[in-house]
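Welcome, and thank you for taking a look at this protein with me. Please have the sequence and the model ready, and let us walk through some of the local features together.

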Amino acid sequence: MGSQSVVAIVLCGILLSPDFALIFAYYSIYTDVNGCSCDEIILRINCSATGMQSLPVGLPEDYYSLYFNFNNVTFLNEESFNVSSLTNIHELSIIASNVFDVEDDVLGSLNALLWLDMKDNFLRALPYGIDQMQDLQMLDLSGNLISLIPLDSFNSNHRLSTLFLDRNYIDIHSLDRGVFSNLDNLRTLSVSSKSIQYSYEAAGEVSYSNLTGNNYSQCLNVSSLFDQPQTNVLTLLELRLNSNGIRCFPSGTFNDWFVNLQILDFGHNQIATLTEDIFQPLIHLEQLILESNQLQIIPSTVFTTNFALRVLILKNNQLETLSDSVIFPISESIEWLDVSNNRLHTWNGTARGEYTRLEHLNLISNSIAGDEPIQFTNIRRLRTLMLSFNKLTYFPNVTRLRHLEVLKLAYNRIKDLPLQALQGCRQLKELKMRHNLLQTVDESIVTKPRYLEVLTLQSNPLVCDCNLKWLGDPNTLSDAFYNMVFSSTCDSPKFLSGKPIGDVLQDNPTDLICNEFSDPTSMVMLVSIWLLVIALIVCFKLYQTFPFSRRKYRAIAMGGTVGHGPPAIPGLIKKERLSIRYRRMSEVDVEKQPRRLSSPSSPESPIKSLPSNIQWAKIPETQV
């Protein structure tokens, strides 16, 4: 049944019954031919995951695609894999089928082949017949055991645009000069090596050990791989040379041939230094990946001509500093910056200029600290900021970053969460603050961001008092992170230590109390007031207990006089004592005089009588 007939029947079925049309279309489009599924719409033969050891015969000859993945064919020869009748095949996929070798002329008959995928097999060399496929556009041989690439391997593949040679045993330093020169239309090239040891006795005791010889650690001149291309200006857009043991680059590594290069990947190598002009010819470079190397410093002028650079990956290196002069030339183009897993002690890489396009900044796993909050307010379009696993003591300044969605600050030393910390961050969705030194969290931290979904506060020394009662309001926390907050435990007071906040709020919310004088300033004021009151009371008691001292103090305060007269205090005291003495003596004499006069037997007193003219001096009493 032809494809046009099937379409006609399906259209008629849709008019009569949609369900009937779907059932009929499913069984009509997919037909089984000797264990392979044939799709009559896209003309694809799928024999994958059937355990076949050979390609079945009688397959349709006018189909475009053949998938023979995840089988066990071992050797491709005319008996196990006869594709001589499938001359119209454009796409051939033989992935992870334990292929060790391809015999001559097996693939040579596929003149119309455009796409060949044979990754994750056990090939030890390039499949025979590839040089005859003049229309081939994509070749993927990743994950094999290929160690050599002859100089004339791609002489006839002028239309090849994508070549993957990842995870093989190719020593890129020992490749012949100009091995890729004939690939006029090459757009993507990826070459990487794996350093595992493999042996397979059935394949003739093939053994590949770690490729760490002398040539494996030499400097690489990338231009030598494309020595004298025919057009003098390569069409290469993507170059990936990761995991090749590259340590350095000589002068002139890149020249004007690479002016159109957009993606460059040197990850997982051993690069320790970069020259100042290494990327100067790459004026259209958009992505640069230098992760997992041994870089300790980056020259300040290395990106002075890369004004189109959007993605810069520097993670897993040994950088101790990254000055603002390095990033400033690409401040108007950079969108993704990753400097995680380094040794940075401070961060001022984005302190200079305005970053109008930077959206993702990753600084995880460094040693960043500081005496003041780090400023990020000049990155207006920042959406993701990751600062976990550092030594921060202050909450970073992210105010008015209205596009910020993710903020990760876990595993730091932040003690305080300011009330205005998230002012203007209304798009924030995720805030991670676990494993810090926070003691309390204000309600505004949660209520100001409108779309906050994730809030983690675990492993913080939270003080469970009245300041956390707002967590018990179901209208404050959304269901998305309600459990995350409630799983946090109390650190103090002691009777709540170790208990989850959620259990305290649900079972004993009255335990969340505040001491009005818990603040040290309040305690000092309280003690001062009590001491003042005690001093006033003591002074008042002394004032009442010692009146003489009070009069003495008043005399001294009046200039050394007492009352209205001029005598001094000692004289007044002496005069007062004499007055008291004379008064007592006169009282005694008056009492004894009548007794002497009335007694007949008493001897005559020498003084018969007192003269009437004697007057007793009256000393006026003076208040002392």
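Strand 1 (residues 30-33) and strand 2 (residues 36-39) pair in the antiparallel sense, joined by four bridges. Helices (H or I, at least four residues) and strands (E, at least two) are DSSP runs, numbered from the N terminus, and two strands pair if DSSP finds at least two bridges between them. This is a predicted model, in which local features need pLDDT of at least 70 and side-chain atom pairs count only at pLDDT 80 or more, while totals for chains, interfaces and linings use all residues. Residues are numbered from 1 along each chain as its sequence is written, and side-chain values use heavy atoms, with hydrogens and water left out.

### Salt bridges

How many salt bridges does a search of the whole structure find? The search finds 13. A salt bridge is a side-chain nitrogen of Lys or Arg within 4 Å of a carboxyl oxygen of Asp or Glu.

| Pair | Distance, N to O |
|---|---|
| Lys119 and Asp140 | 3.6 Å |
| Glu335 and Arg310 | 3.6 Å |
| Glu430 and Lys432 | 3.2 Å |

Let us begin with the salt bridge between Lys119 and Asp140. Lys119 lies in the loop between strand 8 and strand 9 (138-140) and Asp140 in strand 9, so the pair ties together parts that are 21 residues apart in sequence. Lys119 is partly exposed at 22% relative accessibility, whereas Asp140 is buried at 8%. For these words, buried means under 20% relative accessible area, exposed over 50%, and partly exposed in between (1.4 Å probe, protein chains only). Asp117 joins Lys119 and Asp140 in a network of salt bridges.

Asp140 has another residue to look for: Leu116 is 24 residues away from Asp140 in sequence, and their C-alpha atoms are 6.5 Å apart in space. Leu116 is found in strand 8 and is buried, at 0% relative accessibility.

Next comes the salt bridge of Glu335 with Arg310. Glu335 lies in the loop between helix 3 (324-327) and strand 18 (336-338), and Arg310 in the loop between strand 16 (287-289) and strand 17 (311-313), so the pair ties together parts that are 25 residues apart in sequence. Glu335 is partly exposed at 26% relative accessibility, and Arg310 is partly exposed at 26%.

In the last pair of the table, Glu430 is buried at 18% relative accessibility, while Lys432 is partly exposed at 28%.

### Charged patches

Where does negative charge gather on the surface? Look for the patch made by Glu78, Glu79, Asp101, Glu103, Asp104 and Asp105. Patches are made of residues with over 30% relative accessible area and no salt bridge, with like charges joined within 9 Å and nonpolar side chains (Val, Leu, Ile, Met, Phe, Trp, Tyr) within 5 Å. Glu103 sits in the loop between strand 7 (101-102) and strand 8 (115-117), and is partly exposed at 40%.

A positive surface patch is formed by Arg380, Arg381, Arg400 and Arg402. Among them, Arg380 is in the loop between strand 19 (360-362) and strand 20 (384-386); Arg380 is partly exposed, with a relative accessible area of 44%.

His268 is not a glycine, yet has a positive phi of about 60°. You can find His268 in the loop between strand 15 (263-265) and strand 16, partly exposed at 43% relative accessibility. Asn316, also a residue other than glycine, has a positive phi near 60°. Asn316 lies in the loop between strand 17 and helix 3 and is partly exposed at 30%.

Terms used:
Accessible areas come from the Shrake-Rupley method with a 1.4 Å probe; for residues, only the protein chains shown count as cover. Lys and Arg count as positive and Asp and Glu as negative; His and the chain ends are not counted. The place of a charge is taken as NZ of Lys, CZ of Arg, CG of Asp or CD of Glu.
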